[in-house]
Amino acid sequence: MGYLLYLAGMMVCVLWGISSERLGNFIDMTSFEFVVIPSILLLVCTGYGKDFIRAFICLVKKEACTKKQIKNSAKAVKMVCVSSLIFGGLGVVISLINALHSFNIDSSAMPFVAWDVSVALISIFYALIINAVLAPVYIMVKRLSLGQEEKAELKLQRKAPGIRLNLLK
């Protein structure tokens, strides 16, 4: 419930900052695809696709996930956060290079330079939005993972009271 409240608040803040008249300025499918497709490919190629989806399931049904599934879910969410930032940054660099190159070629291209720069910033905007959505998921799944490790340590302490195992590394 708290996460849904966070998402709603984030959406209100972002949309209020953008304003409805300028919403079209923030839509660029090429930039969106440049950030999202590599993240999806990374999940598929590493085998973490199911774990990424399971992260959301684990948040709802905590008891339905094993310790290993929770750890893999946290890794998958973190992987998407990092890869979206990497490809968002690459999108900025590529677009800025294109903008600066067109600026040097022809002085009549000046209006297009502003367009290229705005497109460059949109790719990092998408990456930041993805991270703003997924960072709380990662934190909640990681906290759930730590909670399960503490429970496992307590069970081991009950079985062997004189032995303390350090499972939290």
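Mentor: Helix 4 is the biggest giver to the positive patch, supplying three residues; helices here are DSSP runs of H or I, at least four residues, numbered from the N terminus. The patch gathers K68, K75, K78 and K142 on the surface. Patch members have over 30% relative accessible area and no salt bridge, with like charges joined within 9 Å and nonpolar side chains (Val, Leu, Ile, Met, Phe, Trp, Tyr) within 5 Å. A salt bridge means a side-chain nitrogen of Lys or Arg within 4 Å of a carboxyl oxygen of Asp or Glu. Lys and Arg count as positive, Asp and Glu as negative, while His and chain ends are skipped; a charge is placed at NZ of Lys, CZ of Arg, CG of Asp or CD of Glu.

Keep in mind that this is a predicted model: local features need pLDDT of at least 70, side-chain atom pairs need 80 or more, and totals for chains, interfaces and linings use all residues. Numbering runs from 1 along each chain as its sequence is written, and side-chain values use heavy atoms, without hydrogens and water.

K68 lies in helix 4 and is exposed, at 61% relative accessible area (exposed is over 50%, buried under 20%, partly exposed in between; 1.4 Å probe, protein chains only).

Helix 4, residues 67-105, also gives the most to the nonpolar patch, with four residues. That patch is F34, V82, I86, L90 and I94, with about 400 Å² of accessible area together (Shrake-Rupley, 1.4 Å probe, only the protein chains shown as cover). L90 sits in helix 4 and counts as partly exposed at 38%.

Methods. Helix = DSSP H or I, 4+ residues; strand = E, 2+ residues; numbered from the N terminus.
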